[in-house]
Amino acid sequence: MTTRNDHPAISTILQDTRLDKGLKTIGEKVMSAERLTPDDGLLLFEKGELAYVGALANAVRVRMHGDKTYFNRNFHIEPTNVCIFTCRFCAYSKLYKNREEGWELSIDQMLDIVKKYDGQPVTEVHIVGGVHPKMNLDFFVELLQKIRAHRPDLHLKGFTAVELDYMFRKAKVSVEEGMRILHDAGLQSMPGGGAEIFHPDIRAQICHDKVDADGWLHIHKTAHLLGMHTNATMLYGHVEQFWHRIDHMERLRQLQDQTKGFNTFIPLKFRNGDNEMSHVPETSVVEDLRLYAIARLYMDNFPHLKAYWPMLGRNTAQLTLSFGVNDLDGTIDDTTKIYSMAGAEEQNPSMNTAQLAMLIKQAGRRPIERDTVYNEIKDYTDVVFSDEELMAR
Ligand code: V47
Ligand code: SF4
């Protein structure tokens, strides 16, 4: 089967005598599946034009996944937006001292959200929110147990390393003990949030008071050793420089070499709406696509690269599929507020399966529904959708 290629042939590009020698060597390494060094990564950020990195990233994407583009059917629960931390990029949280302005859901209210999906073929619930001192380890154990009892087929993915670090310290349990307790209560995997940019100089400027890089990585490593899969994010496009991005990706790549527990790398574009960093201009779409492509080239041991469409918007999300991305997250309803509050493209992010599958098909790729750990559930390539399904709001 032929696969989609929106770029010139790599052999033609590599023969171009005007190509920078360093970039040419990198291209040859990529084509022989050799690992890139941090210096290679830096050179790509400094000199790699969009067309060049895009062609290479697409070749890697096709080598790893062909035209397959994954999505899943999930919904989100956000227990609270009250948070004791003060990340300067966050438009979502309400400080604990102003908590009456935020929301705090009880266990019953969260179970009611789960019950709304009774009889619907969702496969995952993604639980993530602010860090509220009263929502402790016992509270979340009870929540997980009750969701599992109500709907045992639902994959429970939850809690960033930031939430877990606080939860475990407050409960005075080690990371190993805490992860085991949550795992026993039903937690099956973890999302990738809270990583931001690992380097301490950047953390000091944008999120000085939450878990540091070593703490974040230790929590993910512990989850991996328990057999859980996790994701990793990188919040880019604010005050970091190119080498901070490489340092971030390098640390993740090294942990992945040890554990193989990461499924997906998810670059998150910094959005500057309504937060303390609103004066920082956002990156251009060209810079976003270059970032995705370089991430695909550098993160050679991460099986999947995800573009989070509610944040990027549907059009840019479609474009990323030609720049290394092979996953568009899920069919989400409008309960995800962390982005809409910071100026995401999609104010009420909502796409049903037909719409998401069509978006992927229009970009010339094969839409494949997956579960959380990438077992394939259904290939939608040849499915014909009704106008009603495609137009539904
Ligand atoms: O860590 C907060 C980001 C993350 C802004 O694992 C912002 O499948 C941009 O990690 N501009 C939390 N980003 C969400 C997250 C996530 C989302 C979807 C899927 C998965 C997954 C994980 O949201 C935070 C932070 O990096 N964020 N504010 C902002 N202004
Ligand atoms: Fe709290 Fe997360 Fe917002 Fe930071 S990004 S203030 S940890 S909700």
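Contact here means heavy atoms within 4.5 Å. Helices (H or I, at least four residues) and strands (E, at least two) are DSSP runs, numbered from the N terminus. The structure is a predicted model, in which local features need pLDDT of at least 70, side-chain atom pairs count only at pLDDT 80 or more, and totals for chains, interfaces and linings use all residues. Residues are numbered from 1 along each chain as its sequence is written, chains are lettered from A and ligands numbered from 1 in the order in which they are written, and side-chain values use heavy atoms, with hydrogens and water left out.

Helix 7 spans residues 161–171. Of its 11 residues, 8 are buried, so the helix is largely enclosed by the rest of the structure. Buried means under 20% relative accessible area, exposed over 50%, and partly exposed in between (1.4 Å probe, protein chains only). The buried residues are A161, V162, E163, L164, D165, Y166, M167 and F168. They pack against helix 6 (137–150), helix 8, strand 7 (189–190) and helix 10. Just after helix 7, K172 takes a positive phi of about 55 degrees.

Helix 7 packs on helix 10 at an angle of about 90 degrees, with the axes 9 Å apart. Axes are lines fitted to C-alpha atoms, for helices over the stretch in contact, and angles run from 0 to 180 degrees between N-to-C directions. Helix 7 and helix 10 are therefore roughly perpendicular to each other. Angles under 35 degrees count as roughly parallel, over 145 as roughly antiparallel, 65 to 115 as roughly perpendicular and the rest as oblique. On the helix 7 side, the residues are A161, L164 and D165; they meet W216, I219 and H220 of helix 10. By class, this contact has 4 nonpolar, 1 polar and 1 charged residues. Ala, Val, Leu, Ile, Met, Phe, Trp, Tyr, Cys and Pro count as nonpolar, Asp, Glu, Lys and Arg as charged, and the others, Gly among them, as polar.

Helix 10 (residues 213–225) also packs with helix 8 (residues 175–185), at an angle of about 50 degrees and with the axes 10 Å apart. That angle makes helix 8 oblique to helix 10. The crossing is right-handed. A crossing is left-handed if the near helix is turned anticlockwise from the far one by less than a right angle, and right-handed if clockwise. Helix 8 contributes V175, E176 and M179 to the contact, and helix 10 contributes H218, I219, T222 and A223. These residues divide into 4 nonpolar, 2 polar and 1 charged.

A further pair is formed by helix 2 (residues 21–31) and helix 3 (residues 38–47), whose axes come within 10 Å and cross at roughly 120 degrees. Helix 2 is thus oblique to helix 3. Their crossing is left-handed. G22, L23, I26 and K29 of helix 2 make the contact with D40, L43, L44 and K47 of helix 3. The contact comprises 4 nonpolar, 1 polar and 3 charged residues.

Around ligand 2 are C83, F85, C87, F89, C90, Y92, S93, G130, V162 and K210. A residue is near a molecule or strand if one of its heavy atoms lies within 4 Å of it. The shell divides into 7 nonpolar, 2 polar and 1 charged. V162 is also among the buried residues of helix 7.

K94 lies in strand 4 (residues 94–95). It is partly exposed, with a relative accessible area of 28%. Beyond residues up to four places away in sequence, K94 touches N81, V82, C83, E101 and G102. Strand 10 (residues 304–305) holds L305, which counts as buried at 1% relative accessibility. Leaving aside neighbours within four places in sequence, L305 is in contact with T264, F265, P267, Y292, A295, R296, G324, V325, N326 and D327. The C-alpha atoms of L305 and P267 are 8.3 Å apart, across 38 residues of sequence.

Most residues other than glycine have a negative phi. D329 has a positive phi of about 60 degrees. This residue sits in strand 11 (residues 327–330) and counts as buried at 4% relative accessibility. Phi of Y374 is near 70 degrees, also a positive value. Y374 lies in the loop between strand 12 and strand 13 (376–379) and is buried, with a relative accessible area of 11%.
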